[in-house]
Amino acid sequence: MEAAAAPGRDAPASTASQPSGCGKHNSPERKVYMDYNATTPLEPEVIQAVTEAMWEAWGNPSSPYPAGRKAKDIIKAARESLAKMIGGKPQDIIFTSGGTESNNLVIHSVVKHFHVNQTSKGDTGVHLSPVEGAKPHLITSSVEHDSIRLPLEHLAEEQAAAVTFVPVSKASGQVEVDDILAAVRPTTRLVSIMLANNETGVIMPIPEISQHIKALNRERAAAGLPPILVHTDAAQALGKRRVDVEHLGVDFLTIVGHKFYGPRIGALYVRGLGECTLLCPMLFGGGQEQNFRPGTENTPMIAGLGKAAELVTQNWEAYEAHMRDIRDYLEERLEAEFGQKRIHLNSQFPGTERLPNTCNFSIRGPRLQGRMVLAQCQVLMASVGAACHSDHGDQPSPVLLNSGVPFDVARNALRLSVGRSSTRAEVDLVVQDLKQAVAQLEDQA
């Protein structure tokens with residue numbers, strides 16, 4: 001079976017709702033990509049920006065000659081584009097290799113800053129630990145991405161930090177503000193909650209969390225305790241809905257380019273970088289990125305990231321509306337073909353907002369585990385959950401189990417995520433493909 005062409009690559013960027021370039025509808029080798037939460041193809045304008053930077057801005061951005069100055073100007077423009085996309089300031093943007101580095105940078109900065117201040121001689125200000133020999137305490141949710149969960153678990157195992165994993169509500173799929181506040185300790189330094197879950201699409205109440213933490217910080221200041229910082233990983237939300245750091249009220253926000261049709265690099269927003277919010281570098285070298293992320297900048301990829309951000313700023317409302325229309329049509333067709341009693345929509349929680357492009361569902365049946373269904377599909381390219389968990393066999397997603405989805409239902413889960421170029425015609429192809437896959441599996445029983 002030949003590989004599918006990159007979705008949307010043959011279509012002009014101004015017509016993002018056009019069919020993906022995967023082949024003609026009547027081709028027996030037609031493939032339909034519906035795994036946009038895992039990664040997205042580069043928009044044509046992004047490829048152009050990367051290519052032009054490779055040709056014209058090959059110089060070191062720290063060098064004074066024309067190719068270096070061109071690179072420096074491109075990086076400056078990209079930083080401004082990212083800041084505009086999230087409603088922040090350019091000087092608060094740090095370029096990184098991707099979301100994993102950004103998330104780790106936040107976590108390790110908070111922990112390092114705690115330990116440095118705890119051991120500072122003669123410092124009797126509010127930055128000292130309230131308990132001698134205490135560990136920094138960090139709070140997160142039970143449904144975070146591995147780039148948050150694993151470094152926190154590692155720090156806890158190394159006894160460098162204490163961590164509380166707050167469960168999400170089985171009624172809403174969200175982490176609840178009261179549960180976060182109940183977990184706070186005098187040594188708490190960071191609350192890190194994703195903006196949107198990558199498997200269910202559930203939007204977390206970040207503005208409410210930030211508001212309550214700010215109110216709590218005023219009480220902590222009066223008691224001589226340092227403030228609690230708030231971080232959100234916005235990887236899945238960018239390009240699909242409005243993301244504004246002032247509305248969210250966060251101190252840190254993670255940006256991941258390949259989730260919004262950009263290259264595989266990322267960035268980190270830090271409110272009042274170096275002044276209001278401290279950041280501790282994990283790497284040491286040159287003075288790039290205000291000394292917080294040294295190393296010669298990857299100018300072409302930064303140029304592409306800036307162009308991808310520019311497209312989001314210009315078009316996010318249209319992107320959101322289109323993806324919601326296709327996602328809703330997909331769920332309607334699934335229920336129509338399989339019946340409402342047989343389809344369980346794992347990502348629907350009454351009264352809970354979710355991403356406009358994400359449909360996590362299960363087809364009930366003893367032989368219809370998600371991996372088995374996908375293996376029978378001839379058209380659909382999708383996943384059973386997070387791409388980074390692709391080697392977990394037939395074990396149900398911990399995210400779904402933690403969200404209250406029953407074991408047997410979660411084991412059958414499929415995550416379909418549509419994109420800017422997805423069409424209703426592709427949905428029809430996918431639903432028919434799923435029907436034949438289910439029929440084949442049931443015939444084998």
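Reader: How many cavities of 30 Å³ or more are there?
Author: The model is predicted, so local features need pLDDT of at least 70 and side-chain atom pairs 80 or more, while totals for chains, interfaces and linings use all residues. Residues are numbered from 1 along each chain as its sequence is written, and side-chain values use heavy atoms, without hydrogens and water. A cavity is a set of points on a 1 Å grid over the protein atoms alone where a 1.4 Å probe fits but cannot get out; points are joined across faces, edges and corners, and volume is the space filled by probe spheres set on them. By this rule the count is four.

Reader: Which residues lie nearest the centre of the second largest cavity?
Author: This cavity has a volume of about 70 Å³. Its lining, meaning residues with an atom within 4 Å of a point, has 13 members. Nearest the centre are Thr40, Lys240, Lys259, Tyr261 and Met323.

Reader: Why is the pair of Tyr36 and Tyr261 classed as it is?
Author: Rings of Phe, Tyr and Trp (its six-membered ring) pair if their centres lie within 6.5 Å, and planes under 30 degrees apart count as stacked, over 60 as edge-to-face and the rest as tilted. The search finds two aromatic pairs. For Tyr36 and Tyr261 the centres are 6.2 Å apart and the planes at 25°, so the pair is stacked.

Reader: Which residues form the aromatic cluster?
Author: Tyr33 and Tyr36 have ring centres 4.8 Å apart and planes at 75°, so that pair is edge-to-face. Together, one cluster is formed by Tyr33, Tyr36 and Tyr261.

Key:
1 Å grid on protein atoms, 1.4 Å probe; cavity = no way out; pocket = protein on both sides within 12 Å on 5 of 7 lines; lining within 4 Å.
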